[in-house]
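Morning, everyone. Please have a look at the sequence and the model before I start.

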Amino acid sequence: MDSNINQSKMPVYRDAGFSFNSLSDIEQIFAEEKNNPWQPKSFIYSRYRNPTVGFAEAKLAEIEQSQWSVLSASGMASIDMAISILTEAQMPSRILFFSEIYGGTISYMNYVLKRKRGIDFDIFYPEKEVYNLHALENLLKSGDYKILYFEAVSNPFLLVSDAIAIIKLAKKYQVKTIIDNTFATSFLWKPLADGADLVIHSVTKYLSGHGSITAGVLSGNNQELLHQAIEYRKWAGAVMNPDDAARLSEQLETFELRMLQHNLNAQKLANYLENHSKISKIIFPGLASHPSHELAKNLFQNKGFGAMLTFEIDGKNNDDKKLAVIKYLDKSKNSIPIIPTLGETHTIQLPIYAVWKDRSPSPSYIRLSVGIEPIEHIIDHLKNALS
Ligand code: PLP
């Protein structure tokens, strides 16, 4: 009888270790694992490879259209994996980071890379909200850098990079590119198809999409880097657990559908807020007023502009703005929870100043992660909170 097991599902293998039959069995399986750690015939230990985690990784590779995708315990663990597999202690090299990136990545650079590992980096700043490609080329040409790291759409001020041109420049000077594509997502753009070396996502955000999993993924097309990624995960140990991986596999089935709705809702909300008298500034790449609107249109090929939106509540001065934001948060917190994450099905928000004082131009900037609720509900919540 043919098996009637549903191939689109995978059991949750909670096993920490897998069982062997004999001494020769152990020897053979360990030897095979050394040659082919990615697709072993038999499993050994879940920190090496777990079938349920592997099932989710295959789904992620399908979404990313990558040759491989390796899951880790968090987005930060994937960032660490990407940088670690491209750096060697015997060949010290500087890393060039774009300034507009997630604050946690900046802390990682300072604490882990510089302070703990002695790896140096430089930061490249935009001019008038756009990265100057001539200035970038001059830096890359210097031969000082081995890795270029940036976000396609930046957290929290949504600056869109001229990513395809940047990848081309990096290639010209043999600099490897790592792209954090958490905000844009692979729904809007797939960096590997445009020549990026590695792409990472905080799976905690849109890929899992329900705010119930902490995970990260690193994807690439180069087999040598895959072997390094597996080796690194095995020994650094930041693995994802199989229960979360099983839930992630289910959540990935609605990824495209969710992203479609996220993107549509964000555009409609941005159009509404753009004309609101209490909003002094709105930052959303889908608005013509955004400095990289045309760039985003090309990069995302009219599929949308993401679902993150940042706005400033109006006020005469900073004290006035602070008061306005306190009132706004108090009125909105029950309908739009204040949560320091993003990419959930529900609309959530974060007052930027409270978390990154030095990065916020004024105290009344709010980062909104637009959910997939009916758009009328989201607009109503904001209308009430801003009234
Ligand atoms: N990259 C971006 C753009 C993020 O916003 C975050 C977290 O907020 C991360 C990476 C880190 O991901 P995680 O929190 O899953 O470690």
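I'll take the domains, then the ligand.

This is a predicted model, so local features need pLDDT of at least 70, side-chain atom pairs count only at pLDDT 80 or more, and totals for chains, interfaces and linings use all residues. Numbering runs from 1 along each chain as its sequence is written, and side-chain values use heavy atoms, without hydrogens or water.

Domains. There is domain 1 (23-252) and domain 2 (255-386); the bounds come from an automatic or database domain assignment. Their centres, taken over C-alpha atoms, are 27 Å apart. Domain 1 puts 36 residues into the contact, domain 2 puts in 37; contact means heavy atoms within 4.5 Å. About 3100 Å² is buried between domain 1 and domain 2, and carbon and sulfur atoms give 67% of that. Buried area is the accessible area (1.4 Å probe) that two parts lose on being put together, summed over both. On the domain 1 side, Phe157, Phe187 and Tyr206 supply 28% of the area buried against domain 2, more than any other three residues.

Next, ligand oxygen atoms. One lies 2.6 Å from a side-chain N or O atom of Lys205. A polar backbone atom of Met76 is 2.9 Å from a ligand oxygen. For a backbone N or O atom of Gly75, the distance to a ligand oxygen is also 2.9 Å.

Technical notes
A polar contact is a pair of N or O atoms within 3.5 Å; within protein, one must be able to donate a hydrogen and the other to accept it, and residues adjacent in sequence count only if both atoms are side-chain atoms.
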